[in-house]
Amino acid sequence: QVQLVESGGGLVQPGGSLRLSCAASGSIFSGMGWYRQAPGKQREWITTITRAGGTNYADSVKGRFTISRDNAKNTVYLQMNSLKPEDTAVYYCYANDVYSRNGWGQGTQVTVSS
């Protein structure tokens, strides 16, 4: 059974930084990444990382957010810099395993406000 546990959300001022973590268990994982959902909006894909370390980013976060992973720990990270109020959302990690199963984290709130 694929399980993902997130940590690291919180309240930060505009221009600040946060680092999210997501620990996965129960399988061997290929693609991992992050989505977010702001109030009243649909869930938005923001970034993906392959097992080999290849990355992709949504234009809205490119240059400010960095995804990384530690395959030995089955953990994916999201370093968020230069945060803006519009980055306020619940952030969800996801993982696809080598058996084509998908898992989602429980979500962590990120609030950017002065």
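Reader: Where does Ser100 lie in the chain?

Author: In this predicted model, Ser100 is placed in the loop between β9 and β10.

Reader: What is the phi of Ser100, and is the residue buried or exposed?

Author: Most residues other than glycine have a negative phi. Ser100, although not a glycine, has a positive phi of about 65 degrees. With a relative accessible area of 65%, Ser100 is exposed, because the cut-off for that class is over 50%.

Reader: Which loop holds Asn74, and what is the phi of this residue?

Author: The loop between β7 (65-70) and β8 (75-80) holds Asn74. Its phi is near 50 degrees, again a positive value in a residue other than glycine. Asn74 has a relative accessible area of 16% and is buried, since buried means under 20%.

Reader: Why is the pair of Tyr35 and Tyr94 called edge-to-face?

Author: The angle between the ring planes decides the class, and planes over 60 degrees apart count as edge-to-face. The planes of Tyr35 and Tyr94 stand at 70 degrees, so this pair is edge-to-face. The two residues come from distant parts of the chain: Tyr35 belongs to strand β4 (residues 29-37) and Tyr94 to strand β9 (residues 89-97), 59 residues apart.

Reader: How accessible are Tyr35 and Tyr94?

Author: Tyr35 is partly exposed, at 23% relative accessibility. Tyr94 has a relative accessible area of 9% and is buried.

Reader: What is the arrangement of the rings of Tyr35 and Trp104?

Author: Their centres lie 5.1 Å apart and their planes are at 65 degrees, so this pair is also edge-to-face. Here too distant parts of the chain are linked, with Tyr35 in strand β4 and Trp104 in strand β10 (residues 102-104), 69 residues apart. Trp104 is partly exposed, its relative accessible area being 40%.

Reader: Which residues do the ring pairs link into a cluster?

Author: The cluster consists of Tyr35, Tyr94 and Trp104, linked by ring pairs.

Note on methods:
Residues are numbered from 1 along each chain as its sequence is written. This is a predicted model: local features need pLDDT of at least 70, side-chain atom pairs count only at pLDDT 80 or more; totals for chains, interfaces and linings use all residues. Side-chain values use heavy atoms; hydrogens and water are left out. Rings of Phe, Tyr and Trp (its six-membered ring) pair if their centres lie within 6.5 Å; planes under 30 degrees apart count as stacked, over 60 as edge-to-face and the rest as tilted. Helices (H or I, at least four residues) and strands (E, at least two) are DSSP runs, numbered from the N terminus. Buried means under 20% relative accessible area, exposed over 50%, partly exposed in between (1.4 Å probe, protein chains only).
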